[in-house]
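Q: Could you take a close look at one part of this model for me, namely the aromatic ring pairs and the charged side chains around them? I would enjoy a connected walk through the geometry.

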Amino acid sequence: MSQTADVPHGLPMDRDAGPFDPPSALTRLRDARPVSPLVFPDGHEGWLVTGYEEVRQMMADTRFSSRLDLDVIHVPYETGMPAATEPSPQLPGMFIAMDPPDHSRLRRKLTGAFTVKRMKQLEEHIAAIVERQLDHLATLAPPVDLVKEFALPVPSLVICELLGVPYADRNTFQADSAQFMVREQTLEEKMGAYLALNTYLSELVTTKRAEPGEDILSDLARHDDLTIEELTGAAFLLLLAGHETTANMLSLGTFALLEHPEQRAELSADAQLLPGAVEELLRYLSVADIFFRYATEDLELGGETITKGSTVVVSLLAANHDPRRFENPDTLDIRRNARGLLSFGHGVHQCLGQQLARIEMRAGFEGLLRRFPTLALAVPAEEVKLRTDMNIYGVHELPVTWTAGS
(Lines give C-alpha, C1' and ligand atoms only; values in the text may rest on other atoms or scores of the structure.)
Protein backbone atom coordinates (compact mmCIF):
# COMPACT_ATOMS: atom_id res chain seq x y z
CA MET A 1 0.00 0.00 0.00
CA SER A 2 1.36 3.40 -0.91
CA GLN A 3 0.30 6.65 0.67
CA THR A 4 -1.74 8.90 -1.62
CA ALA A 5 -3.45 12.24 -1.24
CA ASP A 6 -6.94 10.70 -0.95
CA VAL A 7 -6.00 8.30 1.84
CA PRO A 8 -7.55 9.55 5.10
CA HIS A 9 -5.20 10.63 7.87
CA GLY A 10 -6.78 9.43 11.09
CA LEU A 11 -10.16 7.84 11.56
CA PRO A 12 -13.16 9.90 10.34
CA MET A 13 -15.12 10.59 13.53
CA ASP A 14 -17.07 13.81 12.85
CA ARG A 15 -20.79 12.97 12.99
CA ASP A 16 -21.70 15.72 10.57
CA ALA A 17 -24.70 13.82 9.15
CA GLY A 18 -26.58 13.84 12.47
CA PRO A 19 -26.38 12.26 15.94
CA PHE A 20 -27.51 8.82 14.74
CA ASP A 21 -25.75 8.50 11.37
CA PRO A 22 -22.19 7.45 10.54
CA PRO A 23 -19.76 10.26 9.70
CA SER A 24 -20.31 11.13 6.03
CA ALA A 25 -16.59 10.65 5.34
CA LEU A 26 -16.86 7.10 6.66
CA THR A 27 -19.90 6.43 4.47
CA ARG A 28 -18.10 7.69 1.37
CA LEU A 29 -15.10 5.48 2.11
CA ARG A 30 -17.31 2.42 2.57
CA ASP A 31 -19.21 3.02 -0.66
CA ALA A 32 -16.05 3.60 -2.67
CA ARG A 33 -13.66 1.10 -1.10
CA PRO A 34 -14.93 -1.09 1.80
CA VAL A 35 -11.34 -1.99 2.71
CA SER A 36 -9.45 1.30 2.55
CA PRO A 37 -5.90 2.41 3.30
CA LEU A 38 -5.62 4.52 6.43
CA VAL A 39 -2.74 6.71 7.58
CA PHE A 40 -2.44 6.91 11.35
CA PRO A 41 -1.55 10.24 13.00
CA ASP A 42 2.03 9.04 13.55
CA GLY A 43 2.43 8.36 9.81
CA HIS A 44 2.02 4.59 10.09
CA GLU A 45 -0.06 3.04 7.30
CA GLY A 46 -2.84 0.57 8.06
CA TRP A 47 -6.34 -0.34 6.91
CA LEU A 48 -9.94 0.66 7.63
CA VAL A 49 -12.71 -1.91 7.07
CA THR A 50 -16.24 -0.50 6.70
CA GLY A 51 -18.20 -2.89 4.45
CA TYR A 52 -20.61 -5.35 6.08
CA GLU A 53 -19.35 -8.52 4.41
CA GLU A 54 -15.72 -7.50 4.78
CA VAL A 55 -16.12 -6.74 8.50
CA ARG A 56 -17.93 -10.02 9.06
CA GLN A 57 -15.25 -11.99 7.19
CA MET A 58 -12.41 -10.25 9.02
CA MET A 59 -13.87 -10.71 12.52
CA ALA A 60 -14.40 -14.42 11.84
CA ASP A 61 -10.77 -14.90 10.76
CA THR A 62 -8.50 -15.48 13.78
CA ARG A 63 -5.45 -14.71 11.65
CA PHE A 64 -6.50 -11.14 12.37
CA SER A 65 -5.27 -11.11 15.95
CA SER A 66 -6.87 -9.27 18.86
CA ARG A 67 -3.66 -9.24 20.87
CA LEU A 68 -1.81 -6.04 21.67
CA ASP A 69 1.50 -7.67 22.60
CA LEU A 70 2.55 -9.14 19.25
CA ASP A 71 4.12 -6.03 17.80
CA VAL A 72 3.82 -2.28 17.83
CA ILE A 73 0.12 -1.47 17.39
CA HIS A 74 -0.44 2.00 15.94
CA VAL A 75 -3.82 3.05 17.29
CA PRO A 76 -5.37 6.38 16.26
CA TYR A 77 -5.29 8.98 19.01
CA GLU A 78 -9.03 9.48 18.53
CA THR A 79 -9.61 6.28 20.51
CA GLY A 80 -7.83 7.53 23.60
CA MET A 81 -5.11 4.93 23.08
CA PRO A 82 -1.87 6.70 22.12
CA ALA A 83 0.17 5.01 19.42
CA ALA A 84 2.52 2.49 20.99
CA THR A 85 6.27 2.80 20.76
CA GLU A 86 6.83 -0.76 21.93
CA PRO A 87 4.70 -3.89 22.27
CA SER A 88 2.11 -3.74 25.07
CA PRO A 89 2.16 -6.51 27.67
CA GLN A 90 -0.75 -8.91 27.46
CA LEU A 91 -3.09 -8.00 30.32
CA PRO A 92 -4.06 -11.08 32.41
CA GLY A 93 -7.74 -11.97 32.18
CA MET A 94 -8.57 -9.43 29.46
CA PHE A 95 -9.80 -12.08 27.06
CA ILE A 96 -11.13 -9.50 24.59
CA ALA A 97 -7.44 -8.82 23.76
CA MET A 98 -6.46 -12.49 23.47
CA ASP A 99 -6.50 -15.14 20.75
CA PRO A 100 -7.27 -18.85 21.07
CA PRO A 101 -6.31 -20.90 22.99
CA ASP A 102 -5.79 -18.33 25.80
CA HIS A 103 -9.05 -16.61 24.87
CA SER A 104 -10.91 -19.93 24.73
CA ARG A 105 -9.68 -21.02 28.16
CA LEU A 106 -11.02 -17.92 29.89
CA ARG A 107 -14.21 -17.50 27.89
CA ARG A 108 -15.18 -21.14 28.43
CA LYS A 109 -15.26 -20.56 32.19
CA LEU A 110 -17.82 -17.77 31.72
CA THR A 111 -20.04 -19.32 29.08
CA GLY A 112 -22.27 -21.08 31.60
CA ALA A 113 -22.96 -17.82 33.43
CA PHE A 114 -24.35 -16.16 30.29
CA THR A 115 -26.39 -18.91 28.64
CA VAL A 116 -29.70 -17.91 27.02
CA LYS A 117 -31.51 -20.13 29.55
CA ARG A 118 -29.89 -18.47 32.55
CA MET A 119 -30.52 -15.02 31.13
CA LYS A 120 -34.20 -15.81 30.56
CA GLN A 121 -34.44 -16.90 34.17
CA LEU A 122 -33.31 -13.40 35.13
CA GLU A 123 -35.95 -11.61 33.05
CA GLU A 124 -38.45 -11.14 35.88
CA HIS A 125 -35.73 -9.94 38.24
CA ILE A 126 -34.41 -7.44 35.67
CA ALA A 127 -37.97 -6.23 35.00
CA ALA A 128 -38.35 -5.62 38.74
CA ILE A 129 -35.12 -3.60 38.85
CA VAL A 130 -36.36 -1.50 35.92
CA GLU A 131 -39.74 -0.97 37.60
CA ARG A 132 -38.13 0.21 40.85
CA GLN A 133 -36.00 2.69 38.92
CA LEU A 134 -39.09 3.93 37.08
CA ASP A 135 -40.81 4.36 40.46
CA HIS A 136 -37.87 6.51 41.50
CA LEU A 137 -38.05 8.50 38.25
CA ALA A 138 -41.75 9.17 38.85
CA THR A 139 -41.00 10.82 42.20
CA LEU A 140 -38.81 13.47 40.55
CA ALA A 141 -39.98 16.81 39.27
CA PRO A 142 -39.11 17.21 35.58
CA PRO A 143 -36.93 18.11 33.84
CA VAL A 144 -34.53 15.34 34.83
CA ASP A 145 -31.43 13.78 33.30
CA LEU A 146 -32.52 10.35 32.07
CA VAL A 147 -28.90 9.13 31.99
CA LYS A 148 -28.34 9.83 35.68
CA GLU A 149 -31.76 8.76 36.93
CA PHE A 150 -32.51 5.74 34.74
CA ALA A 151 -30.23 4.70 31.88
CA LEU A 152 -27.06 4.35 33.97
CA PRO A 153 -28.54 2.96 37.23
CA VAL A 154 -30.45 0.08 35.59
CA PRO A 155 -27.50 -1.76 33.95
CA SER A 156 -25.25 -0.84 36.89
CA LEU A 157 -27.68 -2.45 39.34
CA VAL A 158 -28.01 -5.53 37.14
CA ILE A 159 -24.29 -6.09 36.54
CA CYS A 160 -23.42 -5.38 40.18
CA GLU A 161 -25.87 -8.05 41.32
CA LEU A 162 -24.66 -10.55 38.72
CA LEU A 163 -20.97 -10.02 39.43
CA GLY A 164 -21.27 -9.53 43.17
CA VAL A 165 -19.96 -5.95 43.11
CA PRO A 166 -21.36 -3.77 45.94
CA TYR A 167 -23.70 -1.22 44.34
CA ALA A 168 -22.68 1.22 47.06
CA ASP A 169 -19.30 1.42 45.28
CA ARG A 170 -20.89 2.50 41.98
CA ASN A 171 -19.74 6.14 42.14
CA THR A 172 -16.13 5.00 42.33
CA PHE A 173 -16.17 2.43 39.54
CA GLN A 174 -18.41 4.52 37.28
CA ALA A 175 -16.10 7.52 37.55
CA ASP A 176 -13.01 5.41 36.86
CA SER A 177 -14.59 3.53 33.96
CA ALA A 178 -15.89 6.78 32.43
CA GLN A 179 -12.40 8.29 32.62
CA PHE A 180 -10.91 5.15 31.06
CA MET A 181 -13.27 5.54 28.07
CA VAL A 182 -12.29 9.14 27.26
CA ARG A 183 -10.73 9.31 23.77
CA GLU A 184 -8.33 12.22 23.86
CA GLN A 185 -6.33 12.01 27.07
CA THR A 186 -2.77 11.33 28.11
CA LEU A 187 -1.53 7.83 28.70
CA GLU A 188 -0.97 8.80 32.34
CA GLU A 189 -4.64 9.80 32.75
CA LYS A 190 -5.86 6.62 31.12
CA MET A 191 -3.55 4.39 33.15
CA GLY A 192 -4.52 6.23 36.34
CA ALA A 193 -8.18 5.32 35.81
CA TYR A 194 -7.25 1.77 34.83
CA LEU A 195 -5.03 1.24 37.88
CA ALA A 196 -7.63 2.67 40.26
CA LEU A 197 -10.33 0.33 38.95
CA ASN A 198 -7.87 -2.56 38.79
CA THR A 199 -6.86 -2.06 42.44
CA TYR A 200 -10.49 -1.99 43.56
CA LEU A 201 -11.36 -5.15 41.62
CA SER A 202 -8.22 -6.98 42.75
CA GLU A 203 -9.24 -6.49 46.37
CA LEU A 204 -12.78 -7.59 45.54
CA VAL A 205 -11.83 -10.84 43.77
CA THR A 206 -9.32 -11.66 46.53
CA THR A 207 -12.24 -11.47 48.97
CA LYS A 208 -14.38 -13.62 46.65
CA ARG A 209 -11.71 -16.30 46.56
CA ALA A 210 -11.52 -16.38 50.36
CA GLU A 211 -15.30 -16.15 50.89
CA PRO A 212 -17.20 -16.96 47.68
CA GLY A 213 -20.84 -16.02 47.35
CA GLU A 214 -23.60 -16.66 44.79
CA ASP A 215 -22.37 -14.49 41.94
CA ILE A 216 -20.34 -14.72 38.74
CA LEU A 217 -17.07 -13.42 40.20
CA SER A 218 -17.33 -15.98 43.01
CA ASP A 219 -17.94 -18.72 40.44
CA LEU A 220 -14.80 -17.62 38.60
CA ALA A 221 -12.83 -17.38 41.85
CA ARG A 222 -13.57 -21.05 42.55
CA HIS A 223 -11.37 -21.99 39.58
CA ASP A 224 -7.98 -22.57 41.20
CA ASP A 225 -6.21 -22.43 37.84
CA LEU A 226 -7.11 -18.72 37.48
CA THR A 227 -4.73 -16.28 39.14
CA ILE A 228 -5.90 -13.20 41.03
CA GLU A 229 -4.53 -11.13 38.15
CA GLU A 230 -6.63 -13.09 35.65
CA LEU A 231 -9.72 -12.79 37.83
CA THR A 232 -9.15 -9.05 38.12
CA GLY A 233 -8.77 -8.62 34.36
CA ALA A 234 -11.94 -10.61 33.66
CA ALA A 235 -13.83 -8.61 36.31
CA PHE A 236 -12.61 -5.35 34.75
CA LEU A 237 -13.87 -6.40 31.33
CA LEU A 238 -17.25 -7.67 32.57
CA LEU A 239 -17.94 -4.66 34.75
CA LEU A 240 -16.95 -2.15 32.07
CA ALA A 241 -18.86 -3.86 29.27
CA GLY A 242 -21.79 -4.71 31.54
CA HIS A 243 -22.88 -1.17 32.27
CA GLU A 244 -21.24 1.21 29.75
CA THR A 245 -22.73 -0.20 26.56
CA THR A 246 -26.25 -0.87 27.84
CA ALA A 247 -26.48 2.49 29.62
CA ASN A 248 -25.63 4.28 26.38
CA MET A 249 -28.04 2.16 24.35
CA LEU A 250 -30.88 2.99 26.76
CA SER A 251 -30.18 6.74 26.69
CA LEU A 252 -29.29 7.10 23.00
CA GLY A 253 -32.12 4.72 22.04
CA THR A 254 -34.62 6.85 23.96
CA PHE A 255 -33.22 9.96 22.23
CA ALA A 256 -33.68 8.24 18.84
CA LEU A 257 -37.27 7.24 19.61
CA LEU A 258 -38.12 10.76 20.79
CA GLU A 259 -36.69 12.09 17.52
CA HIS A 260 -38.76 9.56 15.53
CA PRO A 261 -42.25 10.03 17.01
CA GLU A 262 -43.98 7.85 14.44
CA GLN A 263 -41.71 4.91 15.34
CA ARG A 264 -42.25 5.55 19.03
CA ALA A 265 -46.04 5.65 18.53
CA GLU A 266 -46.00 2.32 16.70
CA LEU A 267 -43.91 0.74 19.45
CA SER A 268 -46.16 2.11 22.20
CA ALA A 269 -49.22 0.73 20.42
CA ASP A 270 -47.86 -2.79 19.84
CA ALA A 271 -45.59 -4.40 22.45
CA GLN A 272 -44.97 -7.33 20.09
CA LEU A 273 -42.75 -5.01 18.06
CA LEU A 274 -40.39 -4.58 21.02
CA PRO A 275 -37.85 -7.40 20.33
CA GLY A 276 -37.46 -6.31 16.71
CA ALA A 277 -37.26 -2.66 17.73
CA VAL A 278 -34.39 -3.42 20.10
CA GLU A 279 -32.51 -5.21 17.31
CA GLU A 280 -33.08 -2.27 14.98
CA LEU A 281 -31.90 0.24 17.58
CA LEU A 282 -28.80 -1.89 18.16
CA ARG A 283 -28.07 -1.84 14.42
CA TYR A 284 -28.98 1.79 13.86
CA LEU A 285 -26.98 3.19 16.79
CA SER A 286 -24.01 0.78 17.07
CA VAL A 287 -22.67 2.49 20.22
CA ALA A 288 -19.58 0.24 20.43
CA ASP A 289 -18.19 1.07 17.02
CA ILE A 290 -14.41 0.83 16.63
CA PHE A 291 -12.33 -2.34 17.00
CA PHE A 292 -8.73 -3.18 16.09
CA ARG A 293 -7.04 -6.26 14.70
CA TYR A 294 -3.46 -7.12 13.74
CA ALA A 295 -2.61 -9.20 10.65
CA THR A 296 -0.41 -12.14 11.69
CA GLU A 297 0.34 -13.04 8.06
CA ASP A 298 -0.26 -11.67 4.58
CA LEU A 299 -4.02 -11.78 4.00
CA GLU A 300 -6.56 -10.92 1.30
CA LEU A 301 -9.70 -9.03 2.28
CA GLY A 302 -12.19 -7.32 0.00
CA GLY A 303 -9.82 -7.55 -2.94
CA GLU A 304 -7.00 -5.87 -1.01
CA THR A 305 -3.75 -7.44 0.17
CA ILE A 306 -3.13 -6.76 3.85
CA THR A 307 0.46 -7.47 4.74
CA LYS A 308 1.66 -9.14 7.90
CA GLY A 309 2.06 -6.64 10.73
CA SER A 310 -0.65 -4.26 9.53
CA THR A 311 -3.05 -2.70 12.00
CA VAL A 312 -6.66 -2.99 10.83
CA VAL A 313 -9.43 -0.73 12.15
CA VAL A 314 -13.04 -1.91 11.93
CA SER A 315 -16.16 0.29 12.02
CA LEU A 316 -19.23 -1.68 13.07
CA LEU A 317 -21.35 1.46 12.64
CA ALA A 318 -20.40 1.77 8.98
CA ALA A 319 -20.94 -1.96 8.44
CA ASN A 320 -24.38 -1.87 10.09
CA HIS A 321 -25.31 0.99 7.74
CA ASP A 322 -24.08 -0.77 4.60
CA PRO A 323 -26.82 -0.58 1.91
CA ARG A 324 -25.46 -3.80 0.40
CA ARG A 325 -26.82 -5.56 3.52
CA PHE A 326 -29.64 -3.36 4.87
CA GLU A 327 -32.12 -1.48 2.68
CA ASN A 328 -32.33 2.26 3.49
CA PRO A 329 -29.83 1.69 6.32
CA ASP A 330 -29.81 5.29 7.58
CA THR A 331 -33.54 5.08 8.34
CA LEU A 332 -34.77 3.87 11.74
CA ASP A 333 -37.42 1.21 11.03
CA ILE A 334 -38.58 -0.80 14.05
CA ARG A 335 -40.36 -3.25 11.71
CA ARG A 336 -37.10 -4.04 9.90
CA ASN A 337 -35.60 -7.50 10.15
CA ALA A 338 -32.17 -6.48 11.47
CA ARG A 339 -30.97 -10.07 11.70
CA GLY A 340 -27.24 -10.33 11.11
CA LEU A 341 -26.41 -7.02 12.77
CA LEU A 342 -22.79 -6.72 13.88
CA SER A 343 -23.32 -4.58 16.99
CA PHE A 344 -22.18 -7.42 19.27
CA GLY A 345 -19.26 -8.26 17.02
CA HIS A 346 -18.79 -11.55 15.20
CA GLY A 347 -16.65 -14.63 15.51
CA VAL A 348 -14.92 -15.87 18.66
CA HIS A 349 -15.12 -12.43 20.31
CA GLN A 350 -18.87 -11.99 19.84
CA CYS A 351 -20.23 -10.32 22.99
CA LEU A 352 -20.75 -12.77 25.83
CA GLY A 353 -23.45 -10.64 27.48
CA GLN A 354 -25.55 -9.87 24.41
CA GLN A 355 -28.66 -11.67 25.69
CA LEU A 356 -28.43 -9.83 29.00
CA ALA A 357 -28.19 -6.51 27.15
CA ARG A 358 -31.24 -7.35 25.03
CA ILE A 359 -33.31 -8.23 28.11
CA GLU A 360 -32.35 -4.98 29.84
CA MET A 361 -33.18 -2.92 26.75
CA ARG A 362 -36.52 -4.62 26.20
CA ALA A 363 -37.49 -4.04 29.83
CA GLY A 364 -36.12 -0.49 29.83
CA PHE A 365 -37.82 0.77 26.66
CA GLU A 366 -41.11 -1.01 27.44
CA GLY A 367 -41.20 0.47 30.93
CA LEU A 368 -40.37 4.00 29.83
CA LEU A 369 -43.01 4.04 27.09
CA ARG A 370 -45.65 2.54 29.39
CA ARG A 371 -45.00 4.65 32.48
CA PHE A 372 -44.15 7.93 30.72
CA PRO A 373 -46.29 8.14 27.55
CA THR A 374 -45.75 11.92 27.31
CA LEU A 375 -41.96 11.72 27.69
CA ALA A 376 -40.27 14.46 25.67
CA LEU A 377 -36.92 16.20 25.36
CA ALA A 378 -36.58 19.12 27.75
CA VAL A 379 -34.06 20.88 25.49
CA PRO A 380 -33.77 21.25 21.70
CA ALA A 381 -32.26 18.12 20.13
CA GLU A 382 -29.16 20.01 18.99
CA GLU A 383 -28.37 20.88 22.63
CA VAL A 384 -28.14 17.23 23.73
CA LYS A 385 -24.50 16.57 24.68
CA LEU A 386 -23.21 13.71 22.54
CA ARG A 387 -20.42 11.38 23.68
CA THR A 388 -18.25 12.07 20.65
CA ASP A 389 -15.29 12.24 23.05
CA MET A 390 -15.78 8.71 24.38
CA ASN A 391 -15.03 5.19 23.10
CA ILE A 392 -18.65 4.15 23.67
CA TYR A 393 -20.99 6.52 21.85
CA GLY A 394 -24.13 7.90 23.42
CA VAL A 395 -25.18 11.03 25.28
CA HIS A 396 -23.60 12.56 28.36
CA GLU A 397 -26.98 13.83 29.52
CA LEU A 398 -30.54 13.47 28.23
CA PRO A 399 -32.78 16.14 29.81
CA VAL A 400 -36.39 14.94 29.59
CA THR A 401 -39.77 16.10 30.81
CA TRP A 402 -43.31 14.72 30.93
CA THR A 403 -46.81 15.83 31.77
CA ALA A 404 -47.67 15.50 35.47
CA GLY A 405 -49.81 12.47 36.20
CA SER A 406 -48.67 10.57 33.10
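A: Let's start with Phe326, which counts as buried at 2% relative accessibility. This is a predicted model, and every value here is computed from it. The ring partner of Phe326 is Tyr52, with the two ring centres 5.8 Å apart and the planes at 85°. An angle over 60 degrees counts as edge-to-face, so that is the label for Tyr52 and Phe326. Tyr52 is buried as well, at 3% relative accessibility.

Where do the two rings sit along the chain? Tyr52 belongs to helix 2 (residues 52-60), while Phe326 is in the loop between helix 14 (316-320) and helix 15 (354-371). The pair therefore ties together parts that are 274 residues apart in sequence. Phe326 also has a charged neighbour: Arg325 lies over its face, at 4.7 Å from the ring centre.

The structure holds 7 aromatic pairs. Another of them joins Phe372 and Trp402, whose ring centres are 4.8 Å apart with planes at 65°, so this pair is edge-to-face too. Phe372 lies in the loop between helix 15 and strand 9 (376-377), and Trp402 in the segment after strand 10 (399-401), so the contact ties together parts that are 30 residues apart in sequence. Both Phe372 and Trp402 are buried. Elsewhere, ring pairs link Phe20, Phe255 and Tyr284 into a cluster.

The charged end of Arg15 sits over the ring of Tyr393, 3.5 Å from the ring centre. Arg15 and Tyr393 also turn up in the lining of the largest cavity, where they are among the residues closest to its centre, together with Met13, Arg183 and Asp289. That cavity holds about 130 Å³ of space and has 16 lining residues, which divide into 10 nonpolar, 2 polar and 4 charged. In total, the count comes to 5 cavities of 30 Å³ or more.

From charges over rings, we can move on to charges that pair with each other. The model has 20 salt bridges. One of them joins Glu131 and Arg370, with the closest N and O atoms 2.9 Å apart. Glu131 is in helix 5 (residues 123-138) and Arg370 in helix 15, so to speak a link between distant parts of the chain, 239 residues apart. Glu131 is partly exposed at 24% relative accessibility, and Arg370 is partly exposed at 42%. These two side chains belong to a network of salt bridges that also takes in Asp135, Glu366 and Arg371.

Asp225 and Lys109 form another salt bridge, with their closest N and O atoms 3.0 Å apart. Asp225 lies in the loop between helix 10 (216-221) and helix 11 (228-259), and Lys109 in helix 3 (residues 102-111), so the pair ties together parts that are 116 residues apart in sequence. Asp225 is partly exposed, at 44% relative accessible area, and Lys109 is partly exposed at 23%.

For a local contact, look at Glu280 and Arg283, whose side chains meet in a salt bridge (2.9 Å, N to O). They are 3 residues apart in helix 13 (residues 274-285), and are therefore separated by about one helical turn. Both Glu280 and Arg283 are buried.

Conventions:
Residues are numbered from 1 along each chain as its sequence is written. This is a predicted model: local features need pLDDT of at least 70, side-chain atom pairs count only at pLDDT 80 or more; totals for chains, interfaces and linings use all residues. Side-chain values use heavy atoms; hydrogens and water are left out. On a 1 Å grid over the protein atoms alone, a cavity is a set of points where a 1.4 Å probe fits but cannot get out, and a pocket is an open set with protein on both sides within 12 Å along at least five of seven lines; lining residues have an atom within 4 Å of a point. Grid points are joined across faces, edges and corners, and a volume is the space filled by probe spheres set on the points. Ala, Val, Leu, Ile, Met, Phe, Trp, Tyr, Cys and Pro count as nonpolar, Asp, Glu, Lys and Arg as charged, and the others, Gly among them, as polar. Rings of Phe, Tyr and Trp (its six-membered ring) pair if their centres lie within 6.5 Å; planes under 30 degrees apart count as stacked, over 60 as edge-to-face and the rest as tilted. Helices (H or I, at least four residues) and strands (E, at least two) are DSSP runs, numbered from the N terminus. Buried means under 20% relative accessible area, exposed over 50%, partly exposed in between (1.4 Å probe, protein chains only). A charge sits over a ring if NZ of Lys or CZ of Arg is within 6 Å of the ring centre and within 35 degrees of the ring normal. A salt bridge is a side-chain nitrogen of Lys or Arg within 4 Å of a carboxyl oxygen of Asp or Glu.
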